[in-house]
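Here are my notes on this one, point by point. Have the model open while you read.

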Amino acid sequence: MIDLYAAGTSNGMRARIALEETGLPYKLNFVDLAKGENKTPKFLAMNPNGQIPVIVDHDGPGGKPLTLSQSTAILLYCAEKSGRFLPKDPAVRAAMLQALMSASTDVTPVLGAFFGAKNKDANSPVTQMFKDRVRSLMQVWDGALGKNRYCAGGELTVADLSLYAGYARIKGMAPDAVEGMPNLTRWADEMAARPAIQRALKF
Ligand SMILES: N[C@@H](CCC(=O)N[C@@H](CS)C(=O)NCC(=O)O)C(=O)O
């Protein structure tokens, strides 16, 4: 059994998508960021950065409990534990890692910067700059998904699970940042139809 500590942000969704899609048994412990529940001594003992998501796998490697933060580390941990969403072919695996890093380390931080700037001043040049950056990253994904069914080729991998977490947040908070991208929309519609994704997004 895994305890998930999360909220409905893109990083929180990434971890929950990982658990739902891999089918590992887990319990969601909602963390109210606005109330500072991520800064309590109990939470800081799990992640000194005071950030969600965190998992505690009570049946970790060697049967010992394992505490893990970082949404992409959680995604990879769940994929390895379940043996799912990780391509075996070395070339596809390399493409998957490239796609995963782009989804997790390009898209999500820029998204965070955009939402942070938007909360301060929706019309500032800084907000627009980050929004343009989000849009340009997603335009590259639109091009890639015009050539391949999924992020790393013909196989659904952890990269798709990671990108969808970011996409879902953009679509919910600033839909115009992903407008006019037919290949991305085709992929997103397929991802959104997956029952595990639907369960994962309900915070
Ligand atoms: N790189 C980390 C980032 C985690 C992160 O930024 N979490 C945010 C929510 S999306 C958070 O907990 N923010 C509250 C805070 O920093 O006080 C990951 O992928 O998990």
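1. Start with the helix: 13 of the 13 residues of α1 are buried, so the rest of the structure largely encloses it. Buried here means 20 or more other C-beta atoms within 10 Å of the residue's own, with C-beta atoms placed from the backbone. Helices are DSSP runs of H or I with at least four residues, strands are E runs of at least two, and both are numbered from the N terminus.

2. A word on the basis. This is a predicted model, where local features need pLDDT of at least 70, side-chain atom pairs count only at pLDDT 80 or more, and totals for chains, interfaces and linings use all residues. Residues are numbered from 1 along each chain as its sequence is written.

3. Helix α1 covers residues 10–22 and reaches 18 Å from its first C-alpha to its last, close to the 18 Å expected; the expected span is 1.5 Å times one less than the number of residues. Glycine 23 follows α1, with a positive phi near 75 degrees.

4. Then the sheet: it is open, with four strands in the order β2-β1-β3-β4 and mixed pairing. At the edges sit β2 (26–30) and β4 (66–69), each pairing on one side only. Pairing takes at least two DSSP bridges between two strands.

5. β1 (residues 2–6) runs parallel to β2 over five bridges. Tyrosine 5 has asparagine 29 of β2 as its bridge partner.

Conventions: Buried ≥ 20, exposed ≤ 12 C-beta atoms within 10 Å, placed from the backbone.
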